[in-house]
Amino acid sequence: PKDVKVYKVCWNQYDKYTQGYQAGELTVFCAPSKTGKSAILMNHAMSLSVGSGINVLYISTEMTDEEMEERLASCISGVPYTEISNGMFARDTEHGLANDKIKRLVEANELIKKAPFYHIYMPDFTTEKVTALAKQKNLRGECDVLVFDYIKLPPSDVNGLQSAQEYQRLGYMTTCLKDLAGILSIPVISACQSNADESVLNGQKPGQSFIGGSKRILHMASKLFYLVNKSDEELARNGLDRGNQTLWLAFQRSGSSDLPPIDIYNNKPILRMEEA
């Protein structure tokens with residue numbers, strides 16, 4: 001239908017593979033710990049909101065408002081996150097002159113303030129809280145895209161879920177996000193933990209066993225991606241020109257999944273991720 005909105009993130013291969021984020025769809029990125037689950041969610045949310053003016057509601061289960069603002073400022077300005085958090089941006093360092101860094105940060109903060117980016121820190125999340133907030137923000141015109149960072153066990157369960165198995169509880173959270181995508185007719189973007197050792201992959205596409213916790217995540221996702229670090233062998237063979245991470249399209253309901261991987265460069269000091 002012509003009135004279906006499609007939101008693209010300006011990653012050429014990614015947008016070509018997925019045809020953008022679409023209403024009613026749940027997209028999940030599966031990655032090992034410390035690989036960049038939050039970074040890829042933030043980069044895509046930033047591209048949609050700061051870059052394209054789309055209303056993004058970003059629910060963080062681990063990141064405060066201050067942390068998110070500093071991460072966004074680092075990514076936009078190119079000033080290392082550690083220098084922003086410890087105040088070293090105000091001094092001349094190997095990363096640049098103080099005046100230049102301050103100027104870039106002021107410009108970045110202006111962009112962030114003007115952007116329709118709504119960050120909520122929710123460490124004590126439940127499916128009920130997430131659902132209520134998303135519906136409220138959507139009614140106010142502040143949630144055309146929902147980002148939930150990330151699918152894991154709630155700190156306290158409701159509706160008798162305390163006695164359920166871990167995979168059932170993770171599945172319940174995933175179902176909640178998929179339902180929100182359909183009810184509000186918006187794209188929902190999230191991430192989950194992998195449960196496999198990425199070192200054994202050595203450039204090979206992970207299998208379904210890579211998904212941590214619950215097969216329900218695979219069943220409910222409209223699109224599922226695997227994000228892994230490249231092995232030392234791959235980096236030695238291809239160099240950083242081909243990136244330091246690989247993004248595999250594991251599955252999508254409305255298109256081909258048998259596609260070449262996407263090379264990603266994760267510039268970790270400034271939390272910026274781009275196609276290589």
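Helices H3 (residues 65-77) and H5 (residues 98-114) pack against each other at an angle of about 120 degrees, and their axes sit 9 Å apart. Keep in mind that this is a predicted model. Angles from 65 to 115 degrees would count as roughly perpendicular and those over 145 as roughly antiparallel, so this pair ends up as oblique. The crossing of H3 past H5 is right-handed.

Who touches whom here? On the H3 side you'll find Glu69, Leu72, Ala73, Ile76 and Ser77, and they meet Arg104, Leu105, Ala108, Asn109, Leu111 and Ile112 of H5. Sorted by type, the residues of this contact come out as seven nonpolar, two polar and two charged.

Here are the helices mentioned in this report:

| Helix | Residues |
|---|---|
| H3 | residues 65-77 |
| H5 | residues 98-114 |
| H6 | residues 127-139 |

On to H6. Just after H6 comes Gly141, which has a positive phi of about 80 degrees.

Next, Asp149, which belongs to strand E6 (residues 145-151). Is Asp149 buried or exposed? Its relative accessibility is 3%, so Asp149 counts as buried; the cut-off is under 20%. Leaving out residues up to four places away in sequence, Asp149 touches Ser38, Leu41, Tyr58, Ile59, Ser60, Thr61 and Met63. Ala276, by contrast, lies 127 residues from Asp149 in sequence and 24 Å from it in space, C-alpha to C-alpha.

Methods. Residues numbered from 1 in each chain as written. Predicted model: local features only at pLDDT ≥ 70, side-chain atom pairs only at ≥ 80, totals over all residues. Heavy atoms only, no water. Axes fitted to C-alpha atoms, helices over the stretch in contact; angles between N-to-C directions. Helix = DSSP H or I, 4+ residues; strand = E, 2+ residues; numbered from the N terminus. Parallel < 35°, antiparallel > 145°, perpendicular 65-115°, else oblique. Left-handed = near helix turned anticlockwise from the far one by under 90°. Contact = heavy atoms within 4.5 Å. Nonpolar A, V, L, I, M, F, W, Y, C, P; charged D, E, K, R; others polar. Expected span 1.5 Å × (residues − 1). Buried < 20%, exposed > 50% of the residue type's maximum accessible area, 1.4 Å probe, protein only.
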